[in-house]
Amino acid sequence: MTRLYLPMPGNEIVARALADRAGAELGAIETRRFPDGEAYVRLISAVEDREVAIVCTLARPDDQFLSLVFAAQTARELGARRVELIAPYLAYMRQDKRFKDGEAVSSTHFARLLSQSFDGLVTVDPHLHRRNSLGEIFTIPARVEHAAPLLADWIKDNVADPLVVGPDAESEQWVAAVAARAGAPHIVSTKTRRGDRDVSIDLPDLSAVRGRRAVLVDDIVSSGRTMIETARKLATAGMAKPVCVAVHALFADQSYAELLSLCERVVSTDTVPHASNAISVAALLAPA
Ligand code: R5P
């Protein structure tokens with residue numbers, strides 16, 4: 001029997017693309033709120049004896065997490081052979097350390113909760129900073145796909161004379177790989193983060209790259225401050241408006257509009273549905 005893709009609300013487009021690619025069935029999950037705000041979940045498609053892939057990107061996870069877990073556990077109860085989570089964006093990976101006494105190390109707790117409800121995970125570029133792999137926190141098999149080649153190919157096809165600009169020293173290796181594939185030079189900024197929305201950026205010497213179009217690349221745009229401050233610094237340094245290319249377009253508050261006003265163009269992959277989506281990751285998420 002073929003694999004069954006079940007999208008959580010808002011994930012229908014990616015799930016359909018995956019089902020079409022795999023020649024698999026696209027099913028449905030009904031979700032709503034009871035009058036008191038509690039979550040109602042019903043699997044519309046039969047799951048008995050099937051391999052089920054629940055598709056749910058985890059941007060703004062708090063609103064949907066319980067429904068997701070209810071759906072997964074219901075699929076198991078109703079006899080699914082295997083229940084996998086396809087989460088193009090995996091939330092909570094950045095709080096991977098107790099920065100202040102008493103803080104929750106959310107990445108560990110979140111991984112543990114998902115591991116209890118699913119038999120496997122597929123995701124794109126999880127933010128692994130102080131960890132080497134998802135295996136350090138997940139107890140289920142986790143497949144990680146990388147969007148860097150897609151970003152590089154987009155830059156090559158869409159930007160003349162690019163200069164790839166990375167957000168910080170930690171991103172150097174990733175940025176260098178994107179730049180090499182795009183056939184472009186690269187630089188990285190020096191970033192100081194003092195708070196969630198308080199970031200300052202210093203650029204290296206730009207004299208050798210002045211005629212080029214800066215292309216800011218990053219794995220996540222969250223508050224947007226990293227890209228916004230970098231775009232401001234480039235303007236102050238007399239560079240043309242940059243292009244921004246990101247994997248996960250979270251864009252809190254008004255950050256997208258603010259960034260757009262400083263840039264030539266802002267694009268992202270479709271791991272998180274957003275107006276900036278221009279690069280599809282469907283090919284990465286298809287069964288290995
Ligand atoms: C940091 O390590 C990441 O690569 C991003 O630069 C960061 O998460 C972006 O966050 P924000 O948009 O809030 O500046």
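1. Glu51 is partly exposed, because its relative accessible area is 34%; the classes are buried under 20%, exposed over 50% and partly exposed in between, with a 1.4 Å probe and protein chains only. The model is a predicted one, in which local features need pLDDT of at least 70 and side-chain atom pairs count only at pLDDT 80 or more, while totals for chains, interfaces and linings use all residues. Residues are numbered from 1 along each chain as its sequence is written, and side-chain values use heavy atoms, leaving out hydrogens and water.

2. Glu51 and Arg3 form a salt bridge, with the closest N and O atoms 3.4 Å apart; the term means a side-chain nitrogen of Lys or Arg within 4 Å of a carboxyl oxygen of Asp or Glu. Arg3 lies in the segment before strand 1 and Glu51 in strand 5, so the pair ties together parts 48 residues apart in sequence. Helices (H or I, at least four residues) and strands (E, at least two) are DSSP runs, numbered from the N terminus.

3. Arg3 also forms a salt bridge with Glu84, where the closest N and O atoms are 2.6 Å apart. Glu84 lies in strand 6, so this pair ties together parts that are 81 residues apart in sequence. Both Arg3 and Glu84 are buried, with relative accessibility of 14% for Arg3 and 10% for Glu84.

4. Arg82 meets Glu84 in a further salt bridge (3.2 Å, N to O). Arg82 is partly exposed, at 25% relative accessible area.

5. Strand 5 runs parallel to strand 1, joined to it by four bridges, and pairs with strand 6 in the parallel sense over five bridges; pairing requires at least two DSSP bridges between the strands. From strand 5 the chain passes through helix 2 to strand 6 in a right-handed β-α-β crossover, that is, clockwise from the first strand over the helix to the second with the strands pointing away from the viewer. Four of the five residues of strand 5 are buried, so the strand is largely enclosed by the rest of the structure.

6. The largest nonpolar core has 38 residues, and Ile54, Leu58, Leu114 and Phe138 have the most contacts inside it. Such a core is a set of buried Ala, Val, Leu, Ile, Met, Phe, Trp, Tyr and Cys residues joined through side-chain atoms within 4.5 Å. Helix 2 gives the most to this core, six residues.
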